[in-house]
Amino acid sequence: MDKFIIQGGYRLHGNIAVRGAKNHALKVFAASVLTDQPMTVDNVPEIEDIFRLAEILTDIGATIRHPRHGHYTISTAGIHTTHLPKNLVPRLRAAIVLTGPLLARFHSVVFPHPGGCAIGRRPIDIFIAGFKTMGARFQERNGVYRFQAPHGLHGGRFVFPKVSVTATETLMQAAVLADGTTELVNVAREPEILVLANYLNSQGAQIHGAGTSELTITGVAALRAGQCTIMPDRIETVSFIVLALASNSRLTIIDCDPTTIEVPLQLLRASGAKFTVHKNSLTVHPWKKLKPMVVATEEYPGFPTDGQSPLTVLLTQIPGSNEVVETIYGDRLFYTDMLNRMGAHIVMHTPQHVIIHGGTALRGKQVESPDLRAGIAMVIAACIAQGKSEIGNVYQIDRGYEAIDRRLRSIGVHIRRVSN
Ligand code: EPU
């Protein structure tokens with residue numbers, strides 16, 4: 001496993017470009033299964049989760065070409081099985097999104113429990129209930145799930161008991177080829193869902209209401225070939241903003257979409273942060289004083305759970321009592337232990353509620369990257385810490401941030417990758 005060695009304490013400067021959104025690209029790759037016509041995708045981030053999903057698609061018979069950086073063509077005309085590989089699916093949560101298109105086009109799918117970051121309970125009960133409403137039969141044996149709809153899926157009305165991003169994207173895709181009209185109520189409103197729906201509609205799907213909490217999807221017989229450009233990654237944008245503020249640097253973040261991070265910007269502005277915002281770029285200005293913050297994560301458009309761990313690193317630098325409440329996942333605050341080892345003063349009231357007594361200097365330490373977002377938080381902490389840090393298990397960071405070491409070096413971070 002690779003590790004990062006970071007010499008912290010330097011001011012950063014210059015421009016850093018945001019890559020395509022992981023959580024958009026993964027769902028577009030899954031959507032390639034809905035049609036035997038080819039798809040081309042641009043601005044795909046070159047990250048491990050994309051490589052894993054491409055391996056899964058290839059394993060079941062898809063042909064993927066990757067002629068240049070960020071550009072992929074995918075044809076799923078050759079799919080020969082609906083059994084997803086047991087060794088790969090447990091490595092990423094997004095693999096579950098394949099179940100919607102497979103069930104819709106081939107009327108069956110067999111798969112093990114999908115993996116992903118260890119950040120709390122990630123059940124699939126909403127997927128099961130949703131597919132059942134659309135006429136699928138469900139079986140589980142020895143940890144392997146099987147959905148079958150011998151006569152194809154049909155429309156129906158399904159009210160989500162809890163807002164779920166991937167369940168929304170999966171059931172929406174399943175409904176695209178179902179017989180009749182499907183109403184999905186209390187769905188997620190993330191911008192990645194809106195752009196996914198727009199893309200599917202450009203192929204002939206009939207999805208209405210994306211971006212709101214209610215979707216109406218009229219099934220169609222088939223989809224056409226498609227061309228899609230992946231939207232900028234809003235979580236990467238938030239991560240870079242936090243890096244700039246935590247290191248008190250002037251940094252310009254380019255190729256981003258500030259309209260997708262209005263709540264994080266609003267919260268940071270209320271604390272005293274200053275930004276110059278343009279259509280596709282944003283400059284973060286150095287600060288003299290920031291006020292303590294109280295932040296609770298929420299579904300979009302609220303403050304994203306994926307931005308919570310980077311933000312907490314900034315909060316260690318704001319004097320006073322800061323608070324973070326993590327409402328989405330049960331185990332997503334345990335990395336704060338590592339920040340404490342680096343010199344932070346964070347008190348865990350409950351596993352989902354921490355008080356950060358900010359204004360403490362951080363010191364370089366040897367830490368691990370427990371999951372993707374806590375991993376980038378460790379990188380940000382190491383960038384502002386005095387002395388040398390070593391961050392292990394950087395595969396977790398490579399899952400979602402493209403060549404982060406190279407890109408951070410270009411703005412002045414003293415970081416190197418050591419391969420074992
Ligand atoms: N949930 C259920 N039952 C289900 C599905 C979800 O109870 O069948 C619960 C989960 O346990 C959780 C809540 O619903 O408490 C929300 O989970 P959601 O399903 O929305 O999460 P996800 O779709 O699995 C996506 C992103 C995550 C991001 C969340 C929330 C992808 C591949 N993953 O996960 O991204 O944190 O939405 O915004 O899109 C990341 O990129 O680092 C990441 C973890």
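Tutor: Between domain 1 and domain 2 an area of about 1900 Å² is buried, 49% of it from carbon and sulfur atoms, where buried area is the accessible area (1.4 Å probe) that two parts lose on being put together, summed over both. This is a predicted model, in which local features need pLDDT of at least 70 and side-chain atom pairs count only at pLDDT 80 or more, while totals for chains, interfaces and linings use all residues. Residues are numbered from 1 along each chain as its sequence is written, and side-chain values use heavy atoms, with hydrogens and water left out.

Domain 1 comprises 2-18 + 232-419 and domain 2 comprises 22-229, with bounds that come from an automatic or database domain assignment. To the contact (heavy atoms within 4.5 Å) domain 1 brings 21 residues and domain 2 brings 23 residues. The C-alpha centres of the two domains are 30 Å apart.

The side chains of Glu192 and Arg234 form a salt bridge with an N to O distance of 2.8 Å.

On the side of domain 1 that touches domain 2, α11 (372-384) and α12 (395-398) each supply at least two residues, helices (H or I, at least four residues) and strands (E, at least two) being DSSP runs numbered from the N terminus. Helix α12 gives the most to that side, with 3 residues. The residues of this side divide into 6 nonpolar, 4 polar and 11 charged, given that Ala, Val, Leu, Ile, Met, Phe, Trp, Tyr, Cys and Pro count as nonpolar, Asp, Glu, Lys and Arg as charged, and the others, Gly among them, as polar.

Within helix α12 lies Gln396, which counts as buried at 16% relative accessibility; buried means under 20% relative accessible area, exposed over 50%, and partly exposed in between (1.4 Å probe, protein chains only). Asp398, which is buried with a relative accessible area of 12%, meets the side chain of Arg417 in a salt bridge (2.9 Å, N to O). Because Arg417 lies in strand β23 (residues 414-418) and Asp398 in helix α12, this pair ties together parts that are 19 residues apart in sequence. Arg417 is partly exposed, its relative accessible area being 28%. Salt bridges with shared partners join Asp2, Asp398, Asp405 and Arg417 into one network.

The His24 side chain reaches the backbone nitrogen of Met231 at 3.1 Å. Apart from its neighbours within four places in sequence, His24 is in contact with Glu192, Val195, Leu196, Cys228, Thr229, Ile230 and Met231. Among these, Glu192 is the residue whose side chain meets Arg234 in the salt bridge described above.

Methods. Polar contact = N/O pair within 3.5 Å; in protein donor to acceptor, adjacent residues only side chain to side chain. Salt bridge = Lys/Arg side-chain N within 4 Å of Asp/Glu carboxyl O.
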